[in-house]
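Here is a short report on how a protein model holds its ligands. Keep the structure open as you read, and find each residue as it is named.

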Amino acid sequence: MSDEPAEDTIENIPRHVAIIMDGNGRWAKERGMPRVAGHRVGTENLRRIIRASANLGIQYLTFYAFSTENWNRPKAEVTGLMRILSEVIDREMAELNKEGARLLHIGHLDGLSKQLQEKVRNAIELTKDNQRITIVLAFNYGGRDEIIYAIKNMLADGVDPEDVDEELVSSYMFTREIPDPDLVIRTSGEQRTSNFLTWQSVYSEWYFPQVYWPDFDEEELKKAVEIYSRRERRFGGLKDS
Ligand code: IPE
Ligand code: IPE
Ligand code: MG
């Protein structure tokens with residue numbers, strides 16, 4: 001993906017890292033800029049974090065970019081966020097495709113303009129055979145919304161209650177092809193999930209760096225991965241069992 005050698009110094013690299021990209025508004029406000037400018041600068045960060053992740057050997061990278069609750073923001077900010085998504089796809093997809101990134105989307109595309117839906121679908125189609133890293137875009141995504149949608153579809157399919165288990169429910173989630181996140185990072189110091197990967201993150205490791213998303217760079221990513229690699233995951237069991 002770049003000329004940098006693959007990282008092999010950190011053991012136990014998370015397979016799936018999911019990022020709640022928070023703090024764009026505060027980053028901009030502290031510089032006397034409009035919030036939307038913070039969102040725009042935040043997107044500049046995507047490329048370097050994707051590259052750094054691929055070089056570390058991370059296989060799945062999820063970005064929470066727009067929640068089902070973000071519709072509650074002022075109309076101008078929502079419109080700005082839509083425009084920024086469109087610009088990012090135009091600006092980045094050809095290069096990401098060349099570098100071997102595959103794009104997936106979780107959430108509901110309806111609710112977005114027809115043109116934007118088309119753009120996201122085209123980017124997914126363009127990159128569908130790539131294997132270096134999978135980028136999961138969580139846009140118009142909500143964990144509860146996802147669970148409700150799964151329940152509706154199970155009922156519509158006439159699923160027998162006796163057949164409902166974790167594996168079946170997982171297969172009805174937007175994330176059916178994606179492993180659960182090993183590490184969830186939320187930037188900006190806020191420590192809450194804000195409706196992100198509710199079903200999938202029950203045994204994820206969480207990490208809350210203070211920096212705002214536009215300042216989250218390769219070094220910050222490496223620090224997060226190093227901290228992750230030293231944690232002991234138990235999944236309810238005991239270390240030696
Ligand atoms: C995160 O930054 C991006 C989105 C939610 C779209 P914020 O816009 O939430 O920034 P703060 O939290 O207000 O600083
Ligand atoms: C979560 O951030 C959503 C995204 C980063 C896309 P918010 O800034 O919307 O969350 P709250 O409102 O502070 O919980
Ligand atoms: Mg926020």
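## Polar contacts to ligand 2

R186 reaches ligand 2 with its side chain: a polar atom there lies 3.2 Å from an oxygen atom of the ligand. S194 does likewise, with a polar side-chain atom 2.6 Å from an oxygen atom of ligand 2. An N or O atom in the R73 side chain is 3.1 Å from an oxygen atom of ligand 2. The protein covers 77% of the 390 Å² of accessible area that ligand 2 has on its own. Keep in mind that this is a predicted model.

## The shell around ligand 2

Ligand 2 sits in the largest pocket.

Side chains of opposite charge can pair when their charged atoms come close. R186 and D22 form such a salt bridge, and their closest N and O atoms are 2.9 Å apart. This pair links distant parts of the chain. R186 is in strand β5 (residues 183–186), while D22 is in the loop between β1 (16–20) and α1 (24–29). The two residues are 164 residues apart.

How many salt bridges does the count come to? The count comes to 20.

## Ligand 1

Now turn to ligand 1. G23 uses its backbone instead, where a polar atom is 3.4 Å from an oxygen atom of ligand 1. The protein covers 86% of the 380 Å² of accessible area that ligand 1 has on its own.

Around ligand 1 there are 13 residues, and the closest are M21, D22, R26, R35 and R73. By class, this shell has three nonpolar, five polar and five charged residues. Which element gives the most to the shell around ligand 1? It is α1, with three residues. Ligand 1 sits in the largest pocket. The elements giving two or more residues to its shell are α1, α2 (35–56) and α3 (75–98).

Terms used
Residues numbered from 1 in each chain as written. Chains lettered and ligands numbered in written order. Predicted model: local features only at pLDDT ≥ 70, side-chain atom pairs only at ≥ 80, totals over all residues. Heavy atoms only, no water. Polar contact = N/O pair within 3.5 Å; in protein donor to acceptor, adjacent residues only side chain to side chain. Areas by Shrake-Rupley, 256 points an atom, 1.4 Å probe, with all protein chains shown as cover. 1 Å grid on protein atoms, 1.4 Å probe; cavity = no way out; pocket = protein on both sides within 12 Å on 5 of 7 lines; lining within 4 Å. Sits in = over half its atoms within 2 Å of the grid points. Salt bridge = Lys/Arg side-chain N within 4 Å of Asp/Glu carboxyl O. Helix = DSSP H or I, 4+ residues; strand = E, 2+ residues; numbered from the N terminus. Near = heavy atom within 4 Å. Nonpolar A, V, L, I, M, F, W, Y, C, P; charged D, E, K, R; others polar.
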